[in-house]
Amino acid sequence: MKLDTLIKFQNMDRRWIFLGMGIAILLPLLFPITLSFNIDERVQSLYDSVEEVPAGSTVFISADFDPASRPELEPFFRANLHHLLRKDVKFVAATLWPSSPPLVMPIFEEITAEYGKEYGKDWCFLGFKDGKELAIKAIGENIPETFPTDIKGNKIADLAVARSFKQAKDFAMIINVSAGFPGTREYVLQIQGQYDLKIASATTAVSGPDYIPFYKAGQLTGLSAGMPGSAQYEQLVFPDGPREGERLMATQAVNVLNVGHLFIIVLILLGNIAFFVTRRVEEAAP
Amino acid sequence: MSGIELVGAWVSIFLTVCVLSFLYDDNPVYKLAEHVFLGVSIGYGVIEIYFGVFKPNLLDKLMNDELGMLQRSLSIVPLILIIMLFSKVVPKYSWLARIPIAFIVAAYAGVKLTGELNANLMTQVAQSIPNLAEVWEKHGFWDWSADGAGVFSSLFLVLGLAACLLHFYFSAPQNKAMQQISRFGVLTLMLSFGASFGYTVMGRISLAIGRAQEMLGLDRSAEQVAQIHPRTASLICILLVVGYLVAWRRKQGDDYTPGN
């Protein structure tokens, strides 16, 4: 490669990189490819901890995500609901994010209807509660006082699935789908240690590295980070692939993600080669 | 699908293309999407907080005749604190706002302190000194199937942590040994930042994939795709936005400076 080309490459308009990345994402979506990936120990542990929940028991789901984190977390959220409901596990859900209810309620309704589950008896959604850490502390101490009514305005005492649960520790486990603050970190800091709770977390890729120490310390029973985590969980929940007419969104996306990463790696390599070659030539010049 | 859902799906695709147009340059189409986003977010937030927090926790309690006089009177306390917060707008009485702010700061400090001490500091410090015999039994020296867990990683963690801490210890003389330890600490920090940055890049690409899936109709059922025609919508929106950008760029002529 000529020196001029390398210098041009170093000063390339960054919009070409955006265009390249766009193509790297669109092409594998239009012409799907399948690349293999392994199941991470943390995701396997999350799956196993849900598997250990006995049929008929109830878990607490804290759906703390918004439309911005939907691509990373919705596939996990859906797969997790399928996992729980086909095991005949009931759930009580709530959220600490104001933009979450319109996003998660249709998913709850769609998937519970698929399994013939009844609202109030097999599941319920308590809606949004403001207060961040204080709300989490309150969930640990007294759920009926924190959520006197559900999202539909029903009194919590009228909901068979929720009325016997006073505190977070009464549930078989807590599943936190967390896109940031308030979320997994706050659940661990505020109530996990105090009540010795079994908490599993699915989080965005950005938050993943921050929560790995919690998993290593046993404060989380499992951890799924970002789209790869969601894809691995999908593989565990649907080992025979998607059902007819459905798609495994994260599995589809993780193949595209691999192509995107390869594109970035190639750019980093080329950028470094160009940098070192031009520097050497410039230093050698009289 | 209802008509409003169909319109919503097309508007969503149009706004996505508008936001992506920022990759070319800051432009009026992007500004439009930005302002719509801000306006909708603020409107949604205000409504959610009013009906989810302000009304049930304050107004309903103040108006509820079933509650005793004492309970109703107690609800006046947070109302007074809220009014005090707004005293900031009158310079003469702005000092009044310090009282509710003091309450907020004190409450948060109390809540955060115990959690941070118990779950973050104590547990994590204990975890940073691993039981090597147990690690050896479980993973050996290096376990590929568990992301490289093992005795090597555990020792690296302890030594790396110690080196990082020493890097920020400024009271010791910077002799050769300290400089080498400090360099190792910096290396460990760079590894940690690199991992975080890698995850961040992955998160951002994931979001782009999510938008691409929606624009191509890959996140919807075949029935919905047949009604929405997301690919047609995307093509039309791209043509509209690109057409506008070309016209906008021409209008600017020689005055155009990229990055404005």
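Helices (H or I, at least four residues) and strands (E, at least two) are DSSP runs, numbered from the N terminus. The structure described here is a predicted model, in which local features need pLDDT of at least 70 and side-chain atom pairs count only at pLDDT 80 or more, while totals for chains, interfaces and linings use all residues. Residues are numbered from 1 along each chain as its sequence is written, chains are lettered from A and ligands numbered from 1 in the order in which they are written, and side-chain values use heavy atoms, with hydrogens and water left out.

Chain A contains 11 helices and six strands, and its C-alpha atoms fill a box of roughly 85 × 40 × 30 Å along the principal axes. Of the 286 residues in chain A, 54% are buried, where buried means under 20% relative accessible area, exposed means over 50%, and partly exposed lies in between (1.4 Å probe, protein chains only). The accessible surface of chain A is about 12600 Å², and carbon and sulfur atoms hold 57% of that surface; such areas come from the Shrake-Rupley method with a 1.4 Å probe, and for residues only the protein chains shown count as cover. Contacts, defined by heavy atoms within 4.5 Å, also describe chain A: among those with a separation of 6 or more, 76% involve residues 24 or more positions apart.

One residue in the strands illustrates such contacts. A:Phe91 belongs to strand S2 (residues 90-95) of chain A. A:Phe91 counts as buried because its relative accessibility is 0%. With neighbours within four places in sequence set aside, A:Phe91 is in contact with a list of residues including A:Val59, A:Ile61, A:Leu81, A:Phe108, A:Trp123 and A:Val161. The C-alpha atoms of A:Phe91 and A:Phe60 are 5.7 Å apart, although 31 residues separate the two along the chain.

Further along chain A, strand S5 (residues 199-203) and S6(A) run parallel and are joined by four bridges; two strands pair if DSSP finds at least two bridges between them. A:Thr203 has A:Ala225 as its bridge partner in S6(A). Together with helix H9 (residues 208-216) of chain A, S5(A) and S6(A) form a right-handed β-α-β unit. A crossover is right-handed if, with the strands pointing away from the viewer, the path from the first strand over the helix to the second runs clockwise. In a regular strand the side chains alternate between the two faces of the sheet. Strand S6 (residues 222-225) of chain A is covered on both faces, with A:Gly222 and A:Ser224 buried on one side and A:Leu223 and A:Ala225 buried on the other.

Charged side chains supply another kind of link. Side chains of opposite charge can pair when their charged atoms come close. The structure has 17 salt bridges over all chains, each a side-chain nitrogen of Lys or Arg within 4 Å of a carboxyl oxygen of Asp or Glu. In one of these, A:Glu52 and A:Lys198 meet at 3.7 Å, N to O. This pair links distant parts of the chain, 146 residues apart: A:Glu52 is in the loop between helix H3 (41-51) and strand S1 (58-64) of chain A, and A:Lys198 is in the loop between helix H8 (184-195) and S5 of chain A. A:Glu52 counts as exposed because its relative accessibility is 57%, whereas A:Lys198 is partly exposed at 28%. Salt bridges also link A:Arg70, A:Glu74, A:Arg78 and A:Glu110 in a network.

Chain B has a salt bridge between B:Glu214 and B:Arg211, whose closest N and O atoms are 3.0 Å apart. These two residues are separated by about one helical turn because they are three residues apart in helix H8 (residues 176-216) of chain B. B:Glu214 is buried at 6% relative accessibility, while B:Arg211 is partly exposed at 31%.

Helix H10 (residues 230-252) of chain B holds B:Leu235, and B:Ser234 is found in helix H10 of chain B as well. B:Leu235 is exposed, with 53% relative accessibility, whereas B:Ser234 is buried at 6%. Apart from residues up to four places away in sequence, B:Ser234 touches B:Ile13 and B:Met215.
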